[in-house]
Amino acid sequence: MNSQIKEREIKGVNGWIMLFVVLAGVIGGIACMAVGFALVGGDEVPERPGFFALAAVGIIIVIVSAISLNGFKVLAPNEGLVLTLFGKYHGTLKRDGFYFINPFCAATNPTVFGKFGKKLSLKAMTLNNDKQKVNDEEGNPIEISVVVIWRIADTARAVFAVDNYMNFISTQSDSAIRQVARQYPYDVSENGDEKSLRGSSQEIADVLKYELQSRVEMAGIEIMDARINNLAYAPEIAAAMLQRQQASAIIAARQKIVDGAVSMVDMALKKLSDNNIVELDDERKAAMVSNLLVVLCGNRDAQPIVNSGSIY
């Protein structure tokens with residue numbers, strides 16, 4: 001096949017020099033034609049085969065010069081032109097400038113239809129696929145999309161190894177994100193797994209880049225970066241998962257509040273005892289602990305009650 005074709009860079013002839021040669025050929029050919037036909041058609045000059053030959057040479061020079069005009073190519077920076085000669089890969093013109101190549105070479109680009117615009121862009125390009133619904137490691141449906149930064153590294157493989165390299169990388173991106181999403185949960189799982197789609201962005205990006213690069217290597221494409229662009233639960237479970245996250249956040253907040261309240265109660269009792277401010281028996285300590293915990297852990301501000309009598 002053709003899957004074994006590798007890029008071969010060619011160097012065209014300086015276009016300005018060849019433009020001068022072609023123009024000189026056109027002018028010379030027209031001059032030969034004019035002189036030859038003038039002498040053949042003149043009444044005073046006898047007909048001679050040499051005059052016909054001169055006119056024929058002029059016609060040939062003009063035809064060759066006209067065909068040569070197809071060999072002029074202009075390339076901007078980071079552009080490439082994949083050329084075929086009678087159906088076989090001839091080479092790739094990659095250096096920017098004005099060049100002259102074999103006029104019978106044809107430019108090839110499977111992503112462009114028509115005769116013109118066959119140049120390949122060698123710049124870094126961005127692929128931003130639409131969101132797709134997949135299942136994470138725990139089976140939860142999620143909506144996810146990726147943004148991929150890529151460029152053509154081997155023009156020959158990009159053109160000849162796949163039918164359309166733009167469609168190819170788009171399809172492989174969808175396949176790669178499905179494969180990666182099935183390996184990790186959306187969020188940190190209950191068993192304490194450190195890697196998740198939401199929490200381990202750099203690790204997931206590295207895995208996704210490696211997975212996608214292995215898939216598009218045959219097309220001569222280099223993946224420069226690949227990251228998750230959009231990540232969310234699917235609409236049918238989004239509300240339930242939001243309640244779950246809210247419940248987890250409330251429990252975590254309550255745990256912090258209780259830990260802080262217990263620490264403050266312990267500190268208060270120790271300071272009262274160390275400074276000999278008041279001596280409390282176990283029953284009064286229990287009542288004080290209960291009141292402090294209610295005040296510190298309650299959702300509303302405490303309403304003080306003034307006791308004018310003895311606490312005993």
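The legends below describe close-up views of a predicted model.

**View 1. An open sheet of 3 strands.** The strands follow the order β1-β5-β2, and their pairing is antiparallel. At the edges are β1 (13-14) and β2 (72-75), each of which pairs on one side only. Between β1 and strand β5 (residues 97-100) the antiparallel pairing runs over 2 bridges, and Asn 14 stands opposite Tyr 99 in β5. In general, the strands of a sheet pair through backbone hydrogen bonds, in either a parallel or an antiparallel way.

**View 2. Aromatic rings in pairs.** The model has 6 aromatic pairs in which the ring centres lie within 6.5 Å. In one of them, the rings of Tyr 89 and Phe 160 have centres 5.6 Å apart and planes at 70°, so the pair is edge-to-face. This pair links distant parts of the chain, since Tyr 89 in strand β4 (residues 88-93) and Phe 160 in helix α3 (residues 155-160) are 71 residues apart. Tyr 89 counts as buried at 13% relative accessibility, whereas Phe 160, at 24%, counts as partly exposed.

**View 3. The pair of Trp 150 and Tyr 165.** These two rings have their centres 6.3 Å apart and their planes at 65°, so they too form an edge-to-face pair. Trp 150 lies in strand β10 (residues 141-152) and Tyr 165 in helix α4 (residues 165-181), so the pair ties together parts that are 15 residues apart in sequence. Trp 150 is buried, with a relative accessible area of 2%, and Tyr 165 is buried with 4%.

Definitions and conventions:
Residues numbered from 1 in each chain as written. Predicted model: local features only at pLDDT ≥ 70, side-chain atom pairs only at ≥ 80, totals over all residues. Heavy atoms only, no water. Pairing = 2+ DSSP bridges. Helix = DSSP H or I, 4+ residues; strand = E, 2+ residues; numbered from the N terminus. Phe/Tyr/Trp six-rings, centres within 6.5 Å; stacked < 30°, edge-to-face > 60°. Buried < 20%, exposed > 50% of the residue type's maximum accessible area, 1.4 Å probe, protein only.
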